[in-house]
Amino acid sequence: MAKSSIKIRAKLKGGVTTVKCLMNHPMETGLRKDKKTGNPIPAHFIQDVVAKHNDAEVMNAQWSGSVSKNPYLAFKFNGGASGDSVSISWTDNKGASESATAKIK
Amino acid sequence: MNTDTKRRVFLKGSLAAGTVAVAAGAGLLAPQAVLAAWPEKAFTAKSSEDALSGAFGSAASETSEQIKIKAPDIAENGAVVPVTITSDIAGIETIALLSTANNAPLVALFNMGQGAAADVSTRIKMGKTGDVVAVVKAGGKMLSNRKSVKVTIGGCGG
């Protein structure tokens, strides 16, 4: 997967930083069946998401397969300054991980 | 046969006790632990009560109007239901998002760190019409609110 599999937008407004991000992931629950073969499609979903402001963790999320495909996540945190970095990283149930960093606008 | 059954029961019991102990220990030592182990028991639980017990150690919560859930009244596509949870309660540690109608109700846990504001949005799958429940743990208290969402096409099937 390319490096751009997480898209992040971080915006500062009135001392509160709003971070919006989109990740590319199939988010299979494990309950769906392959229409052609009838075999269940194995679960494959993001389990952990960590959001950091500079190097300090502001939030971490733990997900199940019930989060939609190509997950969208938005959150806010206090503080932050223009030019600070915000990074998002995820790990899925197969151990794969991905991370990306963006600057606060 | 008999001994085997007993062995199963014993194994089950000790496993469950072990998970609870680990969860409690992690909770006590580091309330905002960096990447706590993914609580499998909570996420695979089949009922909201079990899921909450697995995540927080207790399923009891008070209803609070201070938790606001923004979700559509009618979701045309159950595979993508946008949900936003906001709250002005101080000292929120964890926000749990559940969808009561799903096979495994616990959708997501958000552990708030330093400076994080209680305002999270995501998109979830809903198998059928049900309630979206937000449970907030703040200062040792459990508060919750719910909103019913009508789903016209389910999002958890083939």
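Author: Start with a term. A salt bridge is a side-chain nitrogen of Lys or Arg within 4 Å of a carboxyl oxygen of Asp or Glu. Keep in mind that this is a predicted model.

Reader: Why is the pair A:K76 and B:D119 called a salt bridge?

Author: The closest N and O atoms of A:K76 and B:D119 are 3.1 Å apart. The cut-off is 4 Å, and the rule asks for Lys or Arg with Asp or Glu. The pair A:K76 and B:D119 therefore counts as a salt bridge. Between chain B and chain A the count is one salt bridge.

Reader: Which strands of chain B supply at least two residues each to the side that touches chain A?

Author: Strand 6 (106-112) and strand 7 (116-124) do. Strand 7 gives the most, with eight residues. That side of chain B divides into 22 nonpolar, ten polar and three charged residues.

Reader: What makes strand 4 of chain A and strand 6 of chain B a pair?

Author: Pairing needs at least two bridges. Strand 4 (residues 56-63) of chain A and strand 6 of chain B have five bridges, so they pair. The sense is antiparallel. In strand 6 of chain B, B:M112 is the bridge partner of A:M59.

Reader: How many residues are in contact, and how much area is buried?

Author: 35 residues of chain B are in contact with 31 residues of chain A. The two chains bury about 2700 Å² between them, 49% of it on carbon and sulfur atoms. Across this interface, 16 residue pairs are in polar contact, both residues at pLDDT 80 or more.

Technical notes:
Residues are numbered from 1 along each chain as its sequence is written. Chains are lettered from A and ligands numbered from 1 in the order in which they are written. This is a predicted model: local features need pLDDT of at least 70, side-chain atom pairs count only at pLDDT 80 or more; totals for chains, interfaces and linings use all residues. Side-chain values use heavy atoms; hydrogens and water are left out. Contact means heavy atoms within 4.5 Å. Buried area is the accessible area (1.4 Å probe) that two parts lose on being put together, summed over both. A polar contact is a pair of N or O atoms within 3.5 Å; within protein, one must be able to donate a hydrogen and the other to accept it, and residues adjacent in sequence count only if both atoms are side-chain atoms. Helices (H or I, at least four residues) and strands (E, at least two) are DSSP runs, numbered from the N terminus. Ala, Val, Leu, Ile, Met, Phe, Trp, Tyr, Cys and Pro count as nonpolar, Asp, Glu, Lys and Arg as charged, and the others, Gly among them, as polar.
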